[in-house]
Amino acid sequence: MKDRIDRRFAALKSEGRAAFVTYVMAGDPDAATALEIVRGLPGAGADIIELGFPFSDPMAEGPPIQRAAQRALAKGMTLQGVLDLARAFREGDADTPVILMGYTNPLVTWGYEAFARDAAAAGIDGMIVVDCPPEEAEPLADALDAAGLSLIRLATPTTDDARLPVVIRRTSGFVYYVSVAGVTGVKSADASAVAPHVERVRKASGLPVAVGFGIKTPEIAAAIARVADGVVVGSALVDEVAEALGLNEDVTGRVLSKVNSLAKAVRLARRSLTAV
């Protein structure tokens, strides 16, 4: 629910650090392993979990997440399966916010109101719907509001001052700032370029701003943590799934090890900043 996201950002603000937000694809490489990974994320250092639902035409995603979606779909993952995964995770964790990230078509097929109710019942706190423009988002926003879920919108380097109020209207929880122009997992984020945009979006929205796309290493994660309220990592984690599969290694252990190294960088970055 919305207040779970708000409480988490408030708690982290009181600690003087940014949130570490992890994105994983539900059902990748299979349903059981994906649940194992998600259950391990908070212990490895994730403050908020973004759970991607696989879609056949993920227009905002680069090759790593496209391949993750294909692996999940090939193993039979469905939108119902994503909610089942979230419900199973929630049985052992009542506090970590879980946000679904995906595309409009499956939600239209399900029905916005029905899906919002079912997602809330499964323990979901919010939604990022990448291809739903704000001009067409009112029915979705109404359904999420009625179910107590946040609609989290994306701002980008091309979102100018005229466009920004439209983008952030009815946004809650936080604003997701896309650090680079393009798809996920291709370019690297530049903290110095991102910083003024984060401040602009934060001022306009009154909400925390989490930065994603192009954050692949602990060094980049730490740099972004010094200028943003949250650091989102996705492609770097689904890459670990693919590499572990290719090497016949423990997928869960490899992903959680990567999460742990990035989480430490995020936490130490904000601490070093406040110590100056």
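Axes are lines fitted to C-alpha atoms, for helices over the stretch in contact, and angles run from 0 to 180 degrees between N-to-C directions. This is a predicted model, in which local features need pLDDT of at least 70 and side-chain atom pairs count only at pLDDT 80 or more, whereas totals for chains, interfaces and linings use all residues. Residues are numbered from 1 along each chain as its sequence is written, and side-chain values use heavy atoms, with hydrogens and water left out.

**View A. Packing of helix H4 (residues 79-90) against helix H6 (residues 112-121).** The two axes lie 9 Å apart at an angle of about 30°. H4 is therefore roughly parallel to H6 (angles under 35 degrees). Leu79, Leu83 and Arg87 of H4 meet Phe115, Asp118, Ala119 and Ala121 of H6 (contact: heavy atoms within 4.5 Å). By class, this contact has five nonpolar, no polar and two charged residues. Helices are DSSP runs of H or I with at least four residues, and strands are runs of E with at least two, numbered from the N terminus.

**View B. The cis peptide bond from Asp28 to Pro29.** Omega is near 5° for this bond. Pro29 belongs to the loop between strand E1 (19-25) and helix H2 (31-44). Most peptide bonds are trans.

**View C. Positive phi at Phe213.** Phi is about 75° at Phe213, which is not a glycine. Phe213 sits in the loop between strand E8 (209-212) and helix H10 (218-225). Its relative accessible area is 8%, so Phe213 is buried (under 20% relative accessible area, 1.4 Å probe, protein chains only).

**View D. Positive phi at Asn248.** Asn248, also not a glycine, has a phi of about 55°. Asn248 lies in the loop between helix H11 (235-247) and helix H12 (251-275). Asn248 is exposed because its relative accessible area is 74% (exposed: over 50%).

Note on methods:
Parallel < 35°, antiparallel > 145°, perpendicular 65-115°, else oblique. Nonpolar A, V, L, I, M, F, W, Y, C, P; charged D, E, K, R; others polar.
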